[in-house]
Amino acid sequence: MAEASLLQMQGIGKSYYGTPVLQDINLNIKPGEIHAIVGENGAGKSTLMNILFGMEVIHSTGGFDGEIIINGKKEKIDSPQRAMEIGIGMVHQEFMLLPNYSITENIKLNREVLKPNFLSRVFGQKIEHLNMGQMNTDSRKALDKLGIGIEEYVTVAGLPVGYMQFTEIAREIDKTNVKMIVFDEPTAVLAESEAEKLLESMKAIAEEGIAILFITHRLDEVISISDNITVLRDGKRVGTKKREETDVYELAELMVGRKIEKMVHGEQRELKNEIALKTENLVVHMPGEKVNGVNLEVRKGEFLGIGGLAGQGKVGIANGVMGLYPSRGQVWINGSPLSLNDPGESMRQGMAYVSEDRRGVGLLLDSSIELNIVINALHNQKKFLKKYGFFKFQDTKGIRDHALKMIKELDIRCTGPGQLVKRLSGGNQQKVCIARALTMEPEILFVSEPTRGIDVGAKRLVLETLVKLNEELGMTIVMTSSELGELRSVCDRIAIVSEGNISGVLPPDGSDVDFGLLMAGQQERRGA
Amino acid sequence: MLQNLAAKFMTNFGLARLIILGFFIFLCIMAVVFQLDIAELLTSSLARIGMWGVLVLAMLPAISSGIGPNFGVSLGILCGLVGALTALETAFRLGGVVELSGGVLFLLAIIISLPFAILTGIAYGWLLNRVKGSEMMIATYVGFSMVSIMKIAWLFLPYTSPEMAWPIGRGVRVQISLAGRGITRILNNFLSFNIGDVVVPTGLLLFFALMCFLVWLFMRSKTGIAMRAAGDNPRFSEAAGINVNRSRIIGTTFSTILGAIGILVYAQSYGFIQLYEGPMFMPFVAVAAVLIGGASVKKASITHVVVGTALFLGIQVVAIPVANAFTTDWASMGEISRKIIQNGVILYALTQAGGD
């Protein structure tokens, strides 16, 4: 090794409550190197960074294995403050800025340049004046280094996101001792031209000898600026490549990997040509999962998967069609147009939804299992009601019978239909959500992240139930999931969403390279 | 094992409730020790429970629909009072032509107060929908302000019946006796019977039971179920196609109506209509009672209403004579302990609101 390493991470491992999320990670970064870390959601990128930055969440859950060596010296990083003292800076994905402070004030926060005054000589440093002039000069210098022409005295509130991002970076490079900066998905929120500018300034920073750890899923950016690239998958390091020795395709393949387990319809099924659901230019304003004009066709009896990375808009599609978030565009159900933004109408048109936000939108936690199961059907389809004169009352016996049937069919582990849903485990709660959707006897069933946060056994049961519904009852199912492997095991076709749009539709046995590329927002290889 | 059971019991039952129950039992033992007239205490406990029951019940639709304990039930009370005064005025104006019996007057008061309560409830529900998250605070102040505004209104409303109006000047009196109209204790005395020396106010308790039954029925109707869902999880309910704001308005209106009926029941049992300051702090008693019964600011049931009313008003009845028996210097101890319990329990419930 020509140059000594700045940072070495050796044998890093971490598990949350017995579930390993990182295993035996080794990293080696030299001064001035741009090192990219790529991987799918849940691959362990964020956990690794949290360890490096000494975040509370790591230490409150039992610390981690392995060691971190900085400049040849073993360091114990147990708090973000310590990480900063050592010289590790971080540019966060969510901006850590005070909106009503000026750019200078944000850059210099808690590191203000001070000027002694009369009172401070008596009462100490706490009441020294701020040396605004010096602070502005410093900030200007940092901003100029980044090539940003914005005035340092404007307040952060109302700035375009690109400028906020640059303010964060300026804060990091203004720190005199900074040796390394971690960029966590810095281009995710930027427009293309801003992203280019950012990459330029990252190169400029690296040339000054500051190492950069660059976390992203955009493979073209990785290839364009990184020196070395480490790929993580399922908490393991699957490879570290030099830029010259690799290309986008290899990285995509490494990132996705073979992890497919066929559960159903072994052969590619012949799908009917009838269209059950069609969207045209569907725009959904779901915070964090924005959908920008999706065109999608779902065929009758199909099991369609929607995949993609978090925050790209895949969960927004189902939420938009079901009327949970404000949306525009056109949606047809069996050829007739659907009026959007009305959950009741969507349900009356024969659709049901199992939400990804189980505890937030998916359940009445303080109510009984039986009420949770029947309420949608009761409210929207007037089932389980008895009429007396003008009034409709619940059919207590009918509800009880139906709940018992569902509990038996879906194997919901509970003390009885009257048990409160909040006392159930995650997997059983999910089954209650599915039972509610089934009670409506929908033609089209939307399921979002059905296996998130539930244990392996329950996962399998949930997926098998969905497959059974699809095959035996001919129910059209649209399943959204972050786990590509899961989608590939059950779906007929998989639509991959990137930046609010469908970047492509692949068969479940499509190549890893293509899946990886589509997720990274690039066109699939021609003729592949 | 035993410790576990005890711990479980404590979390289910709640420390506050346990202390209050203990205090109640202590008071009862003291009453026996001081050889107070137990029959008399039981008689007035039963009357008190029936008297307050409907007002406490008014909390149920409010809590279920998600607006929390209705600290602004004084709005309903004011509507009930308007109904009562208007009914009395009607009787006075018709005097000599038709004599209205007490029962008819009571029903008339309810019927007149209903449209007021419905309109007020809708407006009040609409207001509460704009201040989601701080309903309790807003409700308290809406209640206070309306009571104050009505203080002015009582002076100007055109009630002329001599039993209501001040002898000199304008406006209605602070306290109006119902004695002359045959309404006093009309529910209490209906089918009333004695067990030993204990008087059971059958009509009053039956009326309370009837109201509970109606609320119970409502909670099992399609609208009622939607309302409960809206209170449990508004985001879920939106997704289930339920109009959450509408459900909250229905809950608020229902609560206001029960408040109006509740004050009429209260007044007929008490024998007087209290205006001006009268309704100012009544909501706190009702809120405290339902909370003592086991309700939280998010969840309540009829059982909570009944248990809470019995416990809290039982304490009120027993505490005063017991305190008097200790020493006459402590005459106000009964009232003070009631206030401590009332406000303490509300405070306790509010601190629990975020938990679970």
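The structure is a predicted model, in which local features need pLDDT of at least 70 and side-chain atom pairs count only at pLDDT 80 or more, while totals for chains, interfaces and linings use all residues. Residues are numbered from 1 along each chain as its sequence is written, and chains are lettered from A, with ligands numbered from 1, in the order in which they are written.

The domain assignment, which is automatic or from a database, divides chain A into domain 1 (7–256), domain 2 (259–350 + 442–528) and domain 3 (361–441). Between the C-alpha centres of domain 1 and domain 2 of chain A the distance is 35 Å. Here 14 residues of domain 1 of chain A are in contact with 15 residues of domain 2 of chain A, contact being taken as C-beta atoms, placed from the backbone, within 7 Å. On the domain 1 side, α9 (219–225) and α10 (248–256) of chain A are the elements that give two or more residues; helices (H or I, at least four residues) and strands (E, at least two) are DSSP runs, numbered from the N terminus. The largest share of that side, six residues, comes from α10(A).

Turning to the core, the largest one has 252 residues, and A:Ile212 and A:Phe446 touch the most other members. A nonpolar core is a set of buried Ala, Val, Leu, Ile, Met, Phe, Trp, Tyr and Cys residues joined through C-beta atoms within 7 Å, where buried calls for 20 or more other C-beta atoms within 10 Å of the residue's own, with C-beta atoms placed from the backbone. Leaving aside residues up to four places away in sequence, the residues touched by A:Phe446 are A:Ala318, A:Val321, A:Met322, A:Met351, A:Tyr353, A:Val354 and A:Val478.

Chain B contains 15 helices and four strands. Its radius of gyration, taken over C-alpha atoms, is 21 Å, close to the 21 Å that the globule rule (2.2 Å times the number of residues to the power 0.38) gives for 356 residues, so chain B is as compact as a globular protein of that length. Of these 356 residues, 47% count as buried.

Finally, the two chains meet where 23 residues of chain A are in contact with 18 residues of chain B. On the chain A side, α12 (343–348), α13 (358–362), α14 (369–381) and β20 (391–394) each supply at least two residues, and α14(A) gives the most, with five residues.

Methods:
Buried ≥ 20, exposed ≤ 12 C-beta atoms within 10 Å, placed from the backbone.
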